[in-house]
Amino acid sequence: MQSLGELLQSGVVIGDGGYLIELERRGYVDSGSGREKVGTGRGSGQFTPEAAVENPEALRELHREFLCAGSTVLQALTFFGTREKLNRAGYGDETERINCAAVKLAKEVANGKALVAGSVSRTQLIEREGMGALDKARDHIAEQISLLKDAGVDFLVLETFFHLAEMKVALECAARANLPAVATMSFRPLITKCSDDHTPAQCAAVMADLGAVAVGANCEQDPKRMLPLLREMRSATSVPLAAQPAAFRTTNECHSFTRLPAFPDDLETIQISRSEFTEFGKVAKNEGIGYAGGCCGCNAAYIRALARGVEEAARS
Ligand SMILES: [Zn+2]
């Protein structure tokens, strides 16, 4: 298996889709919508990755589906796997076990046919307590990255960060652990600025300066809505771009699906079709996006459609 660096040199790296939303649909993950308002960014016990230990067969199957569909990277289900977030869901004591089991499962399924990335996201401390909590966030992120490194991930995907300040902390922790990192911010409610007021171009430049091997955006927008912000990032840096959009339609007034009333209980009403991911695959190939995958709402059919788009553009 080639390294991520080699894969980025040789064409478009095909990522995988969204795990938590898909496992929620299949009955294995709690969206939290029965308990409190979801979609504020301050969430407590919502959408956590304990399926890695409680329903390993369901997670194994989803990994297999993405691999069959053409993913060259499988992301271990360690999203929202910091001790901070897991504590809030009642799984803090299982932080080591969940992170370790998730990586082991992904590696087992990948079996040398795909790279395995550890997913690290925001702690939600900044949304709840403000910038004063950055040092606490650093401790939690460093702990998770060290668990992922020990479990043997090939690289990290730092994703769905709302604040550039917390992304910077995560990139510093990745560098200290000596792990390559793909870094993708999430923009909401509009694609023009992240939560601490930096434009996509500014985010891209900072993430590249801190050593990210690819920079970009994930989640919140459908591919068409995300493309303008990716192009803005392109103008600010020469490192490869990474894009893992959601498969949910957003509006001109609100560019993020988690801020729409359909989240999380009426997502079926804003689901986009997989052919939009075929189009996205063509654009990714034609515009030099180095790493393209999907996020929430993307099951294996979307990844297969994306891979087909990349292939079609490569032939034409
Ligand atoms: Zn997502």
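Me: How is the packing of two helices described?

Reply: Two packed helices are described by the angle between their axes and the distance between the axes. In this predicted model, helix H10 (residues 200-209) and helix H11 (residues 223-234) provide one case: their axes lie 8 Å apart, at an angle of about 50°.

Me: Which residues of H10 and H11 meet?

Reply: From H10 come Pro 200, Ala 201, Cys 203, Ala 204 and Met 207, and these meet Leu 229, Glu 232 and Met 233 of H11. Sorted by class, this contact of H10 with H11 holds 7 nonpolar residues, no polar residues and 1 charged residue.

Me: At what angle do helix H8 and helix H9 cross?

Reply: The axes of helix H8 (residues 134-151) and helix H9 (residues 164-176) cross at roughly 40° and come within 9 Å. H8 and H9 are therefore oblique to each other, and their crossing is right-handed. On the H8 side, the contact involves Leu 134, Ala 137, Arg 138, Ile 141, Ala 142 and Ile 145. Among the residues that they meet in H9 are Ala 165, Glu 166, Val 169 and Ala 170. The contact of H8 with H9 comprises 10 nonpolar, no polar and 4 charged residues.

Me: How are helix H4 and helix H6 packed?

Reply: Helix H4 (residues 56-69) packs with helix H6 (residues 95-110) at an angle of about 40°, and their axes are 9 Å apart. H4 and H6 are therefore oblique to each other. Their crossing is right-handed. H4 contributes Pro 56, Leu 59, Arg 60, His 63, Arg 64 and Leu 67 to the contact, while H6 contributes Leu 105, Ala 106, Glu 108 and Val 109. By class, the contact of H4 with H6 contains 6 nonpolar residues, 1 polar residue and 3 charged residues.

Me: What is the volume of the largest cavity?

Reply: A cavity is a space where a 1.4 Å probe fits but cannot get out. The count in this model comes to 1 cavity of 30 Å³ or more, and the largest cavity has a volume of about 480 Å³. Its lining consists of 37 residues, of which Phe 79, Phe 80, Thr 160, Cys 219 and Cys 296 are the closest to its centre. Helix H2 (20-25), strand E2 (73-76) and strand E4 (155-161) are the elements that give two or more residues to this lining.

Me: How do the residues of the lining of the largest cavity divide?

Reply: The lining of the largest cavity has 15 nonpolar, 15 polar and 7 charged residues.

Me: Which residues line the largest pocket?

Reply: A pocket, in contrast to a cavity, is an open set of points. The largest pocket here has a volume of about 180 Å³. Its lining is formed by Ser 10, Gly 11, Val 12, Ile 14, Gly 70, Thr 72, Lys 285, Ala 307, Val 310, Glu 311 and Ala 314.

Me: Where does the largest share of the lining of the largest pocket come from?

Reply: Helix H13 (residues 300-315) supplies the largest share of that lining, with 4 residues. By class, the lining of the largest pocket holds 5 nonpolar, 4 polar and 2 charged residues.

How values were computed: Residues are numbered from 1 along each chain as its sequence is written. This is a predicted model: local features need pLDDT of at least 70, side-chain atom pairs count only at pLDDT 80 or more; totals for chains, interfaces and linings use all residues. Side-chain values use heavy atoms; hydrogens and water are left out. Axes are lines fitted to C-alpha atoms, for helices over the stretch in contact, and angles run from 0 to 180 degrees between N-to-C directions. Contact means heavy atoms within 4.5 Å. Ala, Val, Leu, Ile, Met, Phe, Trp, Tyr, Cys and Pro count as nonpolar, Asp, Glu, Lys and Arg as charged, and the others, Gly among them, as polar. On a 1 Å grid over the protein atoms alone, a cavity is a set of points where a 1.4 Å probe fits but cannot get out, and a pocket is an open set with protein on both sides within 12 Å along at least five of seven lines; lining residues have an atom within 4 Å of a point. Grid points are joined across faces, edges and corners, and a volume is the space filled by probe spheres set on the points. Angles under 35 degrees count as roughly parallel, over 145 as roughly antiparallel, 65 to 115 as roughly perpendicular and the rest as oblique. A crossing is left-handed if the near helix is turned anticlockwise from the far one by less than a right angle, and right-handed if clockwise.
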